[in-house]
Amino acid sequence: MLDFGNLQQYRENNRIEAKEALGGLPESIWETYSAFANTDGGVILLGVEELPDKALHALDILDPQWLIEDFWKLVNDPAVVSANILDEEAVQIHTVDGKQIIAITVPKAMPAQLPVYIGSDPYKGSYRRCGEGDHRIPIEEIRSMLDQKEK
C-alpha cells in the first residue's frame, strides 16, 4: 500500500502509474489497466503528475466522485475493456497535501480472465507493464493465454 502522506517519494514503475486526469479520464488509462491486469497488478493514480525529477506530485481533482462514476461505467462496458476485475474497494479517494486524488488498485488477473484487453480484439488491445511503460503483448503470447482459457 502506498503512503499517500509521502507521495513525492514514489516514482512511476512497473506497479505505479500517475495520470493528471484534470480534464476527465485519460484514454491511456485503459492501456495501463490492461497492462497491470496482465502483469503483476499495480496502482493508477489520477490527479497526480510526474515532475521533471520524476517525483510524484498531487494536483487536485475538483469532482473526484464524477470521475469515479465515469470510470465504473466504462470499466463495466465490454466495448471498452474485456473484464472488470475490480471490487468496490479498488477505487478510493485520498487527500494529499489538501488535494484530492484517486487511486485505482488493479490486481493481477486470474488465469481464466487473461488476457484483459481493451476494445474488441485481444490481439490489438492486450498490454503488459514493463518498467514505466505499457506495451502490446506479442500475438504468440496472446494465443497461449487464450488456449489456456479454453482448457
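Visitor: At 38% relative accessibility, what does K54 count as: buried, partly exposed or exposed?
Guide: Buried means under 20% relative accessible area and exposed over 50%, with partly exposed in between (1.4 Å probe, protein chains only). The figure for K54 is 38%, so K54 counts as partly exposed.

Visitor: Before we go on, what kind of model is this?
Guide: Residues are numbered from 1 along each chain as its sequence is written, and side-chain values use heavy atoms, with hydrogens and water left out. Local features need pLDDT of at least 70, side-chain atom pairs count only at pLDDT 80 or more, and totals for chains, interfaces and linings use all residues, since the model is predicted.

Visitor: Where does K54 lie?
Guide: Helices (H or I, at least four residues) and strands (E, at least two) are DSSP runs, numbered from the N terminus. The phi of K54 is near 80 degrees, a positive value in a residue other than glycine. K54 lies in the loop between strand 3 (48–50) and strand 4 (56–58).

Visitor: And D97, what is its phi near?
Guide: D97 sits in the loop between strand 5 (91–96) and strand 6, and D97 is exposed, with a relative accessible area of 67%. Most residues other than glycine have a negative phi. In D97, also a residue other than glycine, phi is positive, near 55 degrees.

Visitor: Which two residues does a cis peptide bond join?
Guide: Most peptide bonds are trans. Here P115 lies in the loop between strand 6 (99–106) and helix 3 (122–125). With omega at about -10 degrees, the cis bond joins L114 and P115.

Visitor: Let's go to helix 1. Is Y33 buried or exposed, and why?
Guide: Y33 lies in helix 1 (residues 29–38). Contact means heavy atoms within 4.5 Å, and beyond four places in sequence Y33 touches I44, V75, V81, A83, N84, I85, L86, V106 and V116. Because its relative accessibility is 0%, Y33 counts as buried.

Visitor: How far is the backbone oxygen of A83 from a polar atom of the side chain of Y33?
Guide: A polar contact is a pair of N or O atoms within 3.5 Å; within protein, one must be able to donate a hydrogen and the other to accept it, and residues adjacent in sequence count only if both atoms are side-chain atoms. For the backbone oxygen of A83 and the side chain of Y33, the distance is 2.8 Å.

Visitor: How many aromatic pairs does a search of the whole structure find, and which residues do ring pairs link into a cluster?
Guide: Rings of Phe, Tyr and Trp (its six-membered ring) pair if their centres lie within 6.5 Å; planes under 30 degrees apart count as stacked, over 60 as edge-to-face and the rest as tilted. The search finds 3 aromatic pairs. W30 and Y33 have ring centres 6.0 Å apart and planes at 75 degrees, so they are edge-to-face, and F71 and W72, with centres 5.9 Å apart and planes at 65 degrees, are therefore edge-to-face too. The cluster linked by ring pairs holds W30, Y33, F71 and W72.

Visitor: How does helix 1 run relative to helix 2, and why?
Guide: Axes are lines fitted to C-alpha atoms, for helices over the stretch in contact, and angles run from 0 to 180 degrees between N-to-C directions. Angles under 35 degrees count as roughly parallel, over 145 as roughly antiparallel, 65 to 115 as roughly perpendicular and the rest as oblique. The axes of helix 1 and helix 2 (residues 64–75) come within 12 Å and cross at roughly 60 degrees. That is why helix 1 and helix 2 are oblique.

Visitor: Which residues in helix 2 do I29, W30 and Y33 meet?
Guide: W30 and Y33 are 3 residues apart, about one turn of helix 1. In helix 2, the residues that I29, W30 and Y33 meet are F71, L74 and V75.

Visitor: Last one: is R129 buried or exposed?
Guide: R129 has its place in strand 7 (residues 127–130). Its contacts beyond four places in sequence include T32 and D134, and a polar atom of its side chain lies 3.3 Å from the backbone oxygen of G131. With a relative accessible area of 4%, R129 is buried.
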